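Me: I'd like to learn how to read a few features of a protein model. Could you take me through some, one at a time?

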Amino acid sequence: LTQPPPWGINTNIRLTLPVVCFVWQIAMIILFGVFIRYDEESNTHWVETKAHNNITSDIENDFYFRYPSFQDVHVMIFVGFGFLMTFLKRYSFGAVGFNFLIASFGLQWALLMQGWFHSLDPQTGKIFIGIESLINADFCVAGCLIAYGAVLGKVSPVQLLVMTLFGVTLFAVEEYIILNLLHARDAGGSMVIHTFGGYYGLAISWVLYRPNLHQSKRMQGSVYHSDTFAMIGTLFLWMFWPSFNSAITDHGDGQHRAVINTYLGLASTVLTTVAISSLSQKTGKLDMVHIQNSTLAGGVALGTAAEFMISPYGALIVGFFCGIISTMGYIFISPFLEKTLKIQDTCGIHNLHAMPGVIGGIVGAITAAAASESVYGKQGLINTFDFTGDFKDRTVLTQGGYQAAGMCVSIVFGVVGGAIVGSILKLPIWGDPADENCFDDEVYWEVREPESIPPILEYNNHMIHKHQDL
Amino acid sequence: LTQPPPWGINTNIRLTLPVVCFVWQIAMIILFGVFIRYDEESNTHWVETKAHNNITSDIENDFYFRYPSFQDVHVMIFVGFGFLMTFLKRYSFGAVGFNFLIASFGLQWALLMQGWFHSLDPQTGKIFIGIESLINADFCVAGCLIAYGAVLGKVSPVQLLVMTLFGVTLFAVEEYIILNLLHARDAGGSMVIHTFGGYYGLAISWVLYRPNLHQSKRMQGSVYHSDTFAMIGTLFLWMFWPSFNSAITDHGDGQHRAVINTYLGLASTVLTTVAISSLSQKTGKLDMVHIQNSTLAGGVALGTAAEFMISPYGALIVGFFCGIISTMGYIFISPFLEKTLKIQDTCGIHNLHAMPGVIGGIVGAITAAAASESVYGKQGLINTFDFTGDFKDRTVLTQGGYQAAGMCVSIVFGVVGGAIVGSILKLPIWGDPADENCFDDEVYWEVREPESIPPILEYNNHMIHKHQDL
Amino acid sequence: LTQPPPWGINTNIRLTLPVVCFVWQIAMIILFGVFIRYDEESNTHWVETKAHNNITSDIENDFYFRYPSFQDVHVMIFVGFGFLMTFLKRYSFGAVGFNFLIASFGLQWALLMQGWFHSLDPQTGKIFIGIESLINADFCVAGCLIAYGAVLGKVSPVQLLVMTLFGVTLFAVEEYIILNLLHARDAGGSMVIHTFGGYYGLAISWVLYRPNLHQSKRMQGSVYHSDTFAMIGTLFLWMFWPSFNSAITDHGDGQHRAVINTYLGLASTVLTTVAISSLSQKTGKLDMVHIQNSTLAGGVALGTAAEFMISPYGALIVGFFCGIISTMGYIFISPFLEKTLKIQDTCGIHNLHAMPGVIGGIVGAITAAAASESVYGKQGLINTFDFTGDFKDRTVLTQGGYQAAGMCVSIVFGVVGGAIVGSILKLPIWGDPADENCFDDEVYWEVREPESIPPILEYNNHMIHKHQDL
């Protein structure tokens, strides 16, 4: 196993991977030393802040409003995304392990990038971080993990780190444009996270198109246990999505409402996903690919509107259509994308993130434009859309327009950014696997078992035939 | 694989499953549109509610009292129940996937049913929902998931949906009788959830008795990895049970105490389960069936009394006996039920839910009857048993009697309801599997692997013998 | 399977295991009856406590400050530690199941031991428990679960229970010396939990040295799926470590800051672990052993200093070095320990807990000694180091010295305590397995499968050769 790899292409990453990890981590330490400080709620001076602001109890610290949601989001990032991608028969280490690696790097870089764009203190030149910063960093990372789904099994960890470096950078910029300049609302990130992340990954996968990927066809697809592992990812994403969509919404009713809407929308999605999945097979059997992925589409599509007064049945309707569209995506659109547009999308992120993200952006724009003082109340409308400061005279119709504009920005950033980053990743220096070795953990991991199960079966069948020849 | 199934019975659900999913989901949307609204704490008018009620901080929103518990309960419903049932060697998809489906439908229907019975606003005709409603909906679903355990592997997903429709309906009625009319306390649902759900499932399984179930004996039982997967379910149920029993108890000491009692009771159960499991084998080996299930019995049995002042050692005692009784149930009672009473109980819910639920109801009745002002304090006694309004003159002894009456109501609803629903499920239109195809995911799922592992082994042995014949 | 075991040594635990479980659990019930009561926040008298202390809202109950962290810690104890140890190809039941057993016993005994030493009320002679007591009990158990890692697969469940009984006892004493007498700070337990637990396990493993352990070499190491299961443990430990290190820190900024520091330190650790792991192989492949374990070292090492103002880049630096040191430990130190010092450390707890724990203690001592009023603020410094009462005149330099002294106490307790307990466990009465049967679940568990996978493969190869001979 210490010989040069038999597949011609050099997947030796013994130099590049450690160098990238060390250099980038040292850069993080230096930049954190220069820029990052505790904010006033995570600082020992909190006791003075409390006195100064007449805060009577420690429970008013933002930590207690957001920490449970933060931990749920954290689980989604590491277990949710990680295990969702373990469905391939022989790529579980890469799925969970590389997800772990790039998320760990990405969240550090995100704290810096988001800090510079959103919360750099002009007086001190410092970025002050607290629990909400950690949630936002996890959110930013989610965009890159979504993109990973499109290229799963076809890239090296070094490429993934490069993809994450640029992905987080692009994310911080588009987020700044959408949330700050356009002043669009997108608490759960239908646009900022899912649309951007989806198109970013698809564009990269398009540039990295492998015409001979069929050579590793034996490694594509799942086995029984890998599908069960993937359900761990699915369920933790599904269960904690209410926390995701509510994690950074307004205290009080904002968080409360976002949870209710997401909870309901996701439940609705499950039923229509099952319905379409069953319809797609002659005998009505269900397909684990759909159950693992499309059941989540409702959560994606409520990322923008979950904090609005879309009302419970509105959430159900969004979930209803997303389950249908996402599952049909797996049945009809993914094969089309691969054959016609030459986009190989391992996990089907187009169906799980890109399309539902766009739907979410549209739902957000429409429901924002349709918001009214009679439903929201005067102060409720101001709070929900943050019509304060420079934006205090904005109407809901205008807001709807800016929401739609934000949608477009996220698509453009995803497609153009992904195309550029894809070109960088095409350079023959990153140690990516040959076509016939895609989707195989043995390329980048010490795998101790002598062989996987399927070959045994082939041997057996082979022998049985030979035997009969005797 | 697109041929009509070789087993005679038609398990094609390509018509029924999509139709049920679509029609029921559309019905949910319409009914939610008519009835369900955000409550005052999840509404943008919260800012006015706060001002009106002199609430000084958003942290007083019930969301922050209950959200962490809610998420834990949510995990129990989807990962806990789902993975607990993956122990069968070849029914993991059905266990996790159908659990996912029926819980997603059930929670919507539960919001409506529980709303109509418990919180329909007489003035507006609306049901106002908040975080506590979501928890209650999850609780209601738990009853049906328990029942699923008795019929695991023997029914079609359509039957499961029907079972859930009626199960949730029955649940809401019995819950209304027990909690509202009898004014019994049952925060963690020993009676309302576990006893009802247990007997509901057992009665259905009794009606659906399959005399030739031994024909699928090769698929019953576990393999090594499926037992490990099941432990994921066990542990998430076990760890989060304190949240389950405290999720809707009183703010403050009520939630606090329910957590402590459940935490302790469950710990005690583990030790006695291990003891009896070891005793049951000639060499003292442990049985995973017991560890996966009986360790949870203490949580079930504290569902009523966890919020009472049963004191820490009281919780330990309840757990102690539940571990013993539940494990002995698996060893002695389950075989008896199957042979004599013709009840085939795949997961042994009689040992995990029905019996411990009844114990919990009895413990609740006794501890309620024994409550005293000297232990609880005057106001504490009123708060704990909600001796207010119509019930302000009730004595603890009377309360104990009503607790016992509630116990009986839940048993009656479970047995009678289950028998009726079982009869409906016996109709030959639901696409359930033939006896020889029970416990096999291939009936309702696209399974990509050519064959499972054990046959390989048989081939091998077969060949070895043939070989020796040469 | 009911025959006496073929391996000569008697692993029949049918007498000892049930007796120990029953007797100890009954002892727990009696001692809880005598000593343990609800504290004022979990008692129905809370309504009076509130009035008496002018507490205006139930949300001020400590429950709401600590419950989310408690549940995360609980997950770490049962799923985190349990699944982390499932990496062996055929010891998943023992890993998860025995972990479950000893943690359930240990937390009860810990409530008593910690209660007697830390919170025995002198007037009533009672121990009053609340949510913080439950967290501390889980922490105490963690020390014993760490020690289990060193002897995984080589001991009987009875030995594990004995190890836990003494481990919890020693823990409570060293914790009392370190936290109360020396007044050292150690909220996340670098010293108290990890250093003690690590050396306790290593010393036991040293006494129980098995010169012929190579006889079970075929069972050591992992298979593909067992490594994936282990990643569940890794990730839940990693994700929830911020809760671990913040669970019992000061309300407000203390918890907030501990979370931020741990979150950052762990992220940094992942990158350097990957770097060193890749460097250690000729082609740069990654080793799951490192990813599963060393990625957690940063959390261990921040156990003491996470609540201090070490600043975000400080946390990154700690994580940076811990990833390197821990991974190198697996590569270089573990083989050395086994060959030269005769310490067989199944899970490599020396690299994951002992070394990083010591680093954490040193980091804590240095950062305490370097604390200044300019950084912390006057009141902040007093709050962080609890310079009140008898310790109100202590300087930070003195504090640093006492921190270092605490470090030494934990090492001494671990090594000496482990050596003594190891000697007790060496008695030939505990039913431990023979050398050739270590790491095999069949010794203590009913395993239903006829054989594991690898032998099939051998049959195949064997047959192929025979075939070719024909």
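Me: Where is C:Phe439 found?

Reply: Helices (H or I, at least four residues) and strands (E, at least two) are DSSP runs, numbered from the N terminus. C:Phe439 sits in the loop between helix 16 (396-425) and helix 17 (453-469) of chain C. By the way, this is a predicted model, where local features need pLDDT of at least 70, side-chain atom pairs count only at pLDDT 80 or more, and totals for chains, interfaces and linings use all residues. Residues are numbered from 1 along each chain as its sequence is written, chains are lettered from A and ligands numbered from 1 in the order in which they are written, and side-chain values use heavy atoms, with hydrogens and water left out.

Me: Is C:Phe439 buried or exposed?

Reply: Buried means under 20% relative accessible area, exposed over 50%, and partly exposed in between (1.4 Å probe, protein chains only). C:Phe439 has a relative accessible area of 1%, so it is buried. Its phi is positive, about 60°, although it is not a glycine.

Me: Which loop holds A:Asp386, and what is its phi?

Reply: Look between helix 15 (378-385) and helix 16 (396-425) of chain A for A:Asp386. Its phi is positive at about 55°, and A:Asp386 is not a glycine either. With a relative accessible area of 29%, A:Asp386 is partly exposed.

Me: Why does A:Ser372 count as partly exposed?

Reply: Because its relative accessibility is 22%. You'll find A:Ser372 in the loop between helix 13 (349-369) and helix 14 (373-376) of chain A. For its neighbours, remember that contact means heavy atoms within 4.5 Å. Leaving aside residues within four places in sequence, A:Ser372 is in contact with A:Gly377 and A:Leu381.

Me: What does A:Thr44 touch?

Reply: Not counting residues up to four places away in sequence, A:Thr44 touches several residues of chain C, including C:Asp253, C:Arg257 and C:Tyr376. A polar contact is a pair of N or O atoms within 3.5 Å; within protein, one must be able to donate a hydrogen and the other to accept it, and residues adjacent in sequence count only if both atoms are side-chain atoms. Here the side chain of A:Thr44 reaches the backbone oxygen of C:Tyr376 at 2.9 Å. A:Thr44 itself is in the loop between strand 1 (36-38) and helix 2 (46-52) of chain A, and at 2% relative accessibility it counts as buried.

Me: Where is the place of C:Asn261?

Reply: C:Asn261 belongs to helix 9 (residues 253-279) of chain C. Its relative accessible area is 0%, so C:Asn261 is buried. A polar atom of its side chain lies 3.4 Å from the backbone oxygen of C:Phe308. Leaving aside neighbours within four places in sequence, the contacts of C:Asn261 include A:Tyr38, C:Leu302 and C:Pro312.

Me: At what angle do helix 8 and helix 9 of chain B pack?

Reply: Axes are lines fitted to C-alpha atoms, for helices over the stretch in contact, and angles run from 0 to 180 degrees between N-to-C directions. Helix 8 (residues 224-246) and helix 9 (residues 253-279) of chain B pack at about 145°, with their axes 8 Å apart. Among the residues that meet are B:Trp238 and B:Trp241 from helix 8, and B:Tyr263 and B:Leu266 from helix 9.
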